[in-house]
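Q: Please take a close look at the contact between the chains. Where is it made, and what sort of residues take part?

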Amino acid sequence: MSDGSTRSDGGVQSDRHEPELTRGPFQRWVQKSIKDPKRVYRAMFYVATLFFLVTTLFPFYFLLVLAVTPDTGSLAVLPQLSTLEFGVFLDVFDRINFLRYMLNSVVLALSTTAIVLFLASLAGYVFGRLEFPGRQPLMLLILAISYFPPAAFFVPLYQLFTGNVVNGLSLYNTPGAMILPFSSLFMPLSIFILTTFYGQIPDGLEDAARVEGTTRLGALFRVIVPLSAPGVATAGVLTFIAVYNEFFFSQLMNNGQPENWAPIVGGLLSLQRAGQFEVTYGVMAAGSIIAVIPVAILVVVAQEKIVSGLTSGALKE
Amino acid sequence: MSTEHRTGDAPESGDRGLYASVVSWMENLSETQYAYLLLTPAFLLLGAIAFWPLLSTFRLSMFADSFGQASVGNFIGLGNYVAIITGERSALLPSPFLPEALTTRAFFNSALAVTVIFTVISVFFETIIGFVQALVLDQEFRGRRWVRVAIILPWAIPIVVQGMIFYLMFQPNIGFLVGTSDNPAFLNQLGLLSTTPLANAQDATMIAIVADVWKTTAFMALLILAGMQSIDRGLYDVAKVAGASAWQRFKYVTFPIILPTVMVAMLFRTIQAMRVYGLIETVSGCTTVPSLSCLVVTTFNNRMLGSSATIAFITAAIIAVAVSVYIVGYVRGGQ
């Protein structure tokens, strides 16, 4: 490979002098590639890209085909359009209160995001901009939480929320039973992202605002936060996605009924369980597609934020 | 939040007097006092919903299981840990903690073994594939934005949908991946899959691994990509001038520089893979593939609170061991 690249100029020239032999297109391609290895890398690149596109998108395509193929028909990789039924997407809403499940998920995700952004802003400001004794140990303490599996918090929280620890305090089947664990478990990531962003604002800007008579908190919320808007958006998008996708507490902190604030986890699992008595695979697939739509839109709109947030938050340590 | 304008005029009403006194109290705090004041709300939440449950779980793990009215039995110190780690408790648990024999079947039925198998295999493939994805995304080409969206999309979908996709794909009568004994599909003919893969511990674990690799490779790829893009392009020019081939440039420039990033990414994925629960619960149910987190929930449902808390803490301890292995490796690699 190495000598191929060094004499690549010569290779092109000799190609012209060479008499065209009768070669197949593949042999010609191989011949050219030997002279110019860059073509091989290019080809490998296209093959790899295509491979990843197919492997990541195929499961979604499978869901779609499964959803629109009628129960009586058999599944084909390329189904005929005339045999498809799109009514299944409406069926999902008829069979169960899927709209309510979706709404619950969005409400839980939005309220957790609001709480996390507010608390993490205060903490991120402190860790990013203030010098005080105990800064390092406290940051490590917060980091330590993210190492524990959700299962390690589960039993006491379940007892707390079912009113077995403090009498009369029963949050099971209410949004609080999910928002509180979500907030505390997803807050560390936001704190680290915001610490990075808030730490980058020059001191002079904050000082100028303070000289003009802004209060300490005012300087945080009217100078630091607006100047770090991309960071706040990043933390918000990641928190929203994390909550929307969460499984553990979403399943275990309610009884799975939509009126008890069960999010889409409850909806899809109830479809799956109903499937044991009556085959409704098409409906399950349709429900899954509908559930993906909000995050799919978010990924398309905010992909830069997701990429920067994941990398800055995770590589911070 | 009381961040309204205060234009400098003196406080007039009592309401405003209170606000002004709060503000001036805040202005007069030292930096340390102010720092702790702002951290209070976050730590109140973490204290109640994170630190207290952890300590409480630890305390619970010191009490025997109770099969009567009371929620827990007598204080037995570390008795639960001893009973579970030695396998003495296995007969009472919904699934054994350790493999009960040295057969493949026993390994896939044991919570510890199946979790380790799941973690090691999925993190291994995620690292390799994530690396290649990062190399692809590192190129400049038209449509890169959309390729990146396609690669991130599986990462962003709910766990329950991920589980549902693979549950449906490997469902015997609908997917084309699983046939019947009369009409075996390709994977059945190869002997890779039984005709009821979701009820078979070994097949279901492999399906969960494929599902995990499909969903979380993107995370690996993005972190590795960030590492690649932080490399000073000048280093490549130097290497080229020195006559290094593309492979040598990769081996001596790219690889050593991004190795720490890869380790951090692997650490994060390992922590997450060790906690696997939702994916397994949706794909095959916790009785078929008893991961450690699954076992915490199933023992809890059997009202064995002491055992449940103990397994939760053993899981946390295993994660801590994995974390320290990476940290030691990281420190050694950094020297």
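A: Two residues are in contact if their C-beta atoms, placed from the backbone, lie within 7 Å. By that rule, 77 residues of chain A touch 79 residues of chain B. The model is predicted: local features need pLDDT of at least 70 and side-chain atom pairs count only at pLDDT 80 or more, while totals for chains, interfaces and linings use all residues. Residues are numbered from 1 along each chain as its sequence is written, and chains are lettered from A and ligands numbered from 1 in the order in which they are written.

On the chain A side, the largest share comes from helix α15 (residues 281–316) of chain A, with 17 residues. Helices here are DSSP runs of H or I with at least four residues, strands are runs of E with at least two, and both are numbered from the N terminus. The side of chain A that touches chain B holds 59 nonpolar, 14 polar and four charged residues. Nonpolar stands for Ala, Val, Leu, Ile, Met, Phe, Trp, Tyr, Cys and Pro, charged for Asp, Glu, Lys and Arg, and polar for the others, Gly among them.

One pair of helices shows the contact in detail. Helix α8 (residues 151–161) of chain A and helix α2 (residues 31–60) of chain B have axes that come within 8 Å and cross at roughly 90°. The axes are lines fitted to C-alpha atoms over the stretch in contact, and angles run from 0 to 180 degrees between N-to-C directions. α8(A) is therefore roughly perpendicular to α2(B), a term for angles of 65 to 115 degrees. From α8(A) come A152(A), F153(A), V155(A), P156(A) and L157(A), and they meet residues of α2(B) that include I49(B), W52(B), P53(B) and L60(B). This contact of α8(A) with α2(B) has 11 nonpolar residues, two polar and no charged.

In the model, residues 149–170 of chain B are 86% helix and 0% strand, with end C-alpha atoms 26 Å apart. Residues 213–231 of chain B are 89% helix and 0% strand, and their end C-alpha atoms lie 27 Å apart.

Technical notes: Parallel < 35°, antiparallel > 145°, perpendicular 65-115°, else oblique.
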